[in-house]
Amino acid sequence: MQILHSKIYGTEKSGTPLLVFHGLFGMLDNWGSFGKEMGEFFPVHLIDLRNHGKSFHSEEMSHDDLAHDITHYMEHYGIEKANLLGHSLGGKAVMQFAIKYPLKVEKLIVVDIGPKAYPPHHQGIMKALESVDFNKVTTRQEVEQVLQQFIPEKSVIQFLAKNLYWTEDKKLAWRFNLETLSSKYSEFVSNAIKYGVFTGETLFVAGAKSNYILPQDEFQIKQQFPNSSIVKIENAGHWVQAENPKDFNEVVKDFLMHKFQN
């Protein structure tokens, strides 16, 4: 059983722990300031998904695999019941987990993703990442220059570049397992989560400038998560927690610490 890599805030606090899962090509560090702030109130576990950050690499990458990883993680730390938060790919993981293991979930927060299948939309990023030849590039700047040929948004390049690290033989490399993420892409993006119903309290948080959760998705969301609400965060796109952290943190805190009104 392989345990996912994590960073834990608020270990001395009582209350239901919050487990936080990042999105595709992300890592737990993306959630550092959120974890610190929430750790003032209850224990917060920021967790690297498999094939990301410092967690283990594997050739398998389905929603079920990710849900199993969460089970193993909770068993390892003796957590019987948790609040779960997942962004994007992490959101798919926590939705699948909640449907499969409803008794292990107190409250569920899904950030800017729905349970539906999404058409492939990271081809440009995949091509950019695969174009980096680590036998030729020797600085982070050179890697960013390669990425710029494919990716116009500076913020996306900076986000991806956070995954660079120096190997023991003094070469740059990606922390994520690009090979598996590329080959299994359709299994975790172009697949809906398996059908099932989670009746616990659920909050979907969407970026007002994002198109990941559309009005026509609300019917399917309500079918699988009947006790759910959808909140839109103003002035935020897909990376809601980074683009409007103040409003995002407030909404999450309110949901976790109070009875949420449907």
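Start by selecting D112, in the loop that runs between β5 (105-111) and α4 (123-130). Keep in mind that this is a predicted model.

**Stop 1: D112**

Is D112 buried or exposed? Its relative accessibility is 0%, so D112 counts as buried, the cut-off being under 20%.

Now show what surrounds D112. Beyond its neighbours within four places in sequence, D112 is in contact with S88, V205, A206, G207, S210, Y212, I213, G237, H238 and V240. Pick S210 from that set. The side chains of D112 and S210 are joined by a polar contact of 2.6 Å. Next, pick S88. S88 and D112 are 24 residues apart along the chain, and 5.9 Å separates their C-alpha atoms.

**Stop 2: F159**

Move to helix α6 (residues 154-161) and select F159. F159 has a relative accessible area of 13%, so it is buried. Set aside residues up to four places away in sequence, and F159 touches L24, F25, G26, N30 and W239.

**Stop 3: α5 against α6**

Which hand does the crossing of α5 and α6 have? The crossing is right-handed.

Finish by selecting the residues that make the contact. From α5, take R140, E144, L147 and Q148. From α6, take I157, L160 and A161. Coloured by type, the contact residues divide into four nonpolar, one polar and two charged.

Terms used:
Residues are numbered from 1 along each chain as its sequence is written. This is a predicted model: local features need pLDDT of at least 70, side-chain atom pairs count only at pLDDT 80 or more; totals for chains, interfaces and linings use all residues. Side-chain values use heavy atoms; hydrogens and water are left out. Helices (H or I, at least four residues) and strands (E, at least two) are DSSP runs, numbered from the N terminus. Buried means under 20% relative accessible area, exposed over 50%, partly exposed in between (1.4 Å probe, protein chains only). Contact means heavy atoms within 4.5 Å. A polar contact is a pair of N or O atoms within 3.5 Å; within protein, one must be able to donate a hydrogen and the other to accept it, and residues adjacent in sequence count only if both atoms are side-chain atoms. A crossing is left-handed if the near helix is turned anticlockwise from the far one by less than a right angle, and right-handed if clockwise. Ala, Val, Leu, Ile, Met, Phe, Trp, Tyr, Cys and Pro count as nonpolar, Asp, Glu, Lys and Arg as charged, and the others, Gly among them, as polar.
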